[in-house]
Amino acid sequence: MSGKTDNGGAQCGCLTPEQLRILREHGTERPGSSPLNNEKRSGEYRCAGCGTPLFYSGTKYESGSGWPSFYDAIPGALGTTTDTTHGMTRTEVHCAHCNGHLGHVFPDGPPPTGLRYCMNGLALTFVPRDGGT
Ligand SMILES: [Zn+2]
């Protein structure tokens with residue numbers, strides 16, 4: 001027996017009510033509430049709703065916003081819409097595969113993209129890379 005298991009977790013169907021509120025109803029978690037804010041390991045960030053890889057750890061940076069932030073996404077992983085709620089025009093970001101709401105993208109990020117993907121940590125599942133740092 002190999003003992004090899006898949007601990008991805010995204011296929012288990014065990015999303016919490018708070019995760020469902022964000023993914024399905026465009027909710028927003030409290031800033032600073034996500035343990036992913038302090039996640040520094042190498043790996044990839046997957047959609048909590050369907051397990052699609054969305055971001056690599058190398059594009060994560062500390063924006064000071066209180067939400068996990070990235071300056072670039074995996075090509076084709078995300079879709080965007082224009083969000084004009086709350087009297088602002090923002091760009092809403094969702095998973096291109098399952099349409100789950102993830103957060104927003106702002107044009108005030110660092111080089112080379114100048115973008116700041118401001119994500120709800122609850123909408124993401126972090127999968128550490130095996131056997132390396
Ligand atoms: Zn998804």
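Reader: Among contacts between residues at least 6 apart in sequence, what percentage join residues at least 24 apart?
Author: In this predicted model, 56% of those contacts join residues at least 24 apart in sequence.

Reader: What is the mean pLDDT of the chain?
Author: The mean pLDDT is 91, and 88% of the residues reach 70 or more. Over residues 2-11, however, the pLDDT is below 50. That stretch has 10 contacts in the model beyond near neighbours in sequence. Where pLDDT is low, the predicted coordinates should not be read in detail.

Reader: In what order do the strands of the six-stranded open sheet lie?
Author: The order is 3-4-8-7-6-5, and the pairing is antiparallel. Strand 3 (60-61) and strand 5 (78-83) are the edge strands, each pairing on one side only.

Reader: How many bridges join strand 3 to strand 4?
Author: Two bridges join strand 3 to strand 4, which covers residues 69-70, and the two strands run antiparallel. Lys 60 stands opposite Phe 70 of strand 4.

Reader: What is Met 119 in contact with, leaving aside neighbours within four places in sequence?
Author: Its contacts are Trp 67, Pro 68, Phe 70, Leu 102, Gly 103 and Leu 124. Phe 70 is also the residue opposite Lys 60.

Reader: Which residues of helix 1 are buried?
Author: Gln 19, Ile 22 and Leu 23 are the buried residues of helix 1. They lie on the same side of helix 1, because they cover an arc of only 90° around the axis. An α-helix has 3.6 residues a turn, so residues three or four places apart point the same way.

Reader: And which exposed residues are carried on the face turned away from the buried side of helix 1?
Author: That face carries the exposed residues Pro 17 and Glu 25. On the buried side, the cover includes strand 7.

Reader: What follows helix 1?
Author: His 26 follows helix 1, and its phi is positive, near 55°. Most residues other than glycine have a negative phi, and most peptide bonds are trans.

Reader: Where does His 86 lie, and is it buried or exposed?
Author: His 86 lies in the loop between strand 5 and strand 6. It is not a glycine, yet its phi is positive, about 60°. His 86 counts as exposed because it has 7 C-beta neighbours inside 10 Å.

Reader: What of Asn 99: where does it lie?
Author: Asn 99 is in the loop between strand 6 and strand 7. Its phi is also positive, near 70°. With 14 other C-beta atoms within 10 Å, Asn 99 is partly exposed.

Reader: Lastly, what is the omega of the peptide bond from Pro 111 to Pro 112?
Author: Omega is near 5°, and the bond is cis. Pro 112 has its place in the loop between strand 7 and strand 8.

Key
Residues numbered from 1 in each chain as written. Predicted model: local features only at pLDDT ≥ 70, side-chain atom pairs only at ≥ 80, totals over all residues. Pairing = 2+ DSSP bridges. Helix = DSSP H or I, 4+ residues; strand = E, 2+ residues; numbered from the N terminus. Contact = placed C-beta atoms within 7 Å. pLDDT = per-residue confidence, 0-100. Buried ≥ 20, exposed ≤ 12 C-beta atoms within 10 Å, placed from the backbone. Arc of directions from axis to C-beta.
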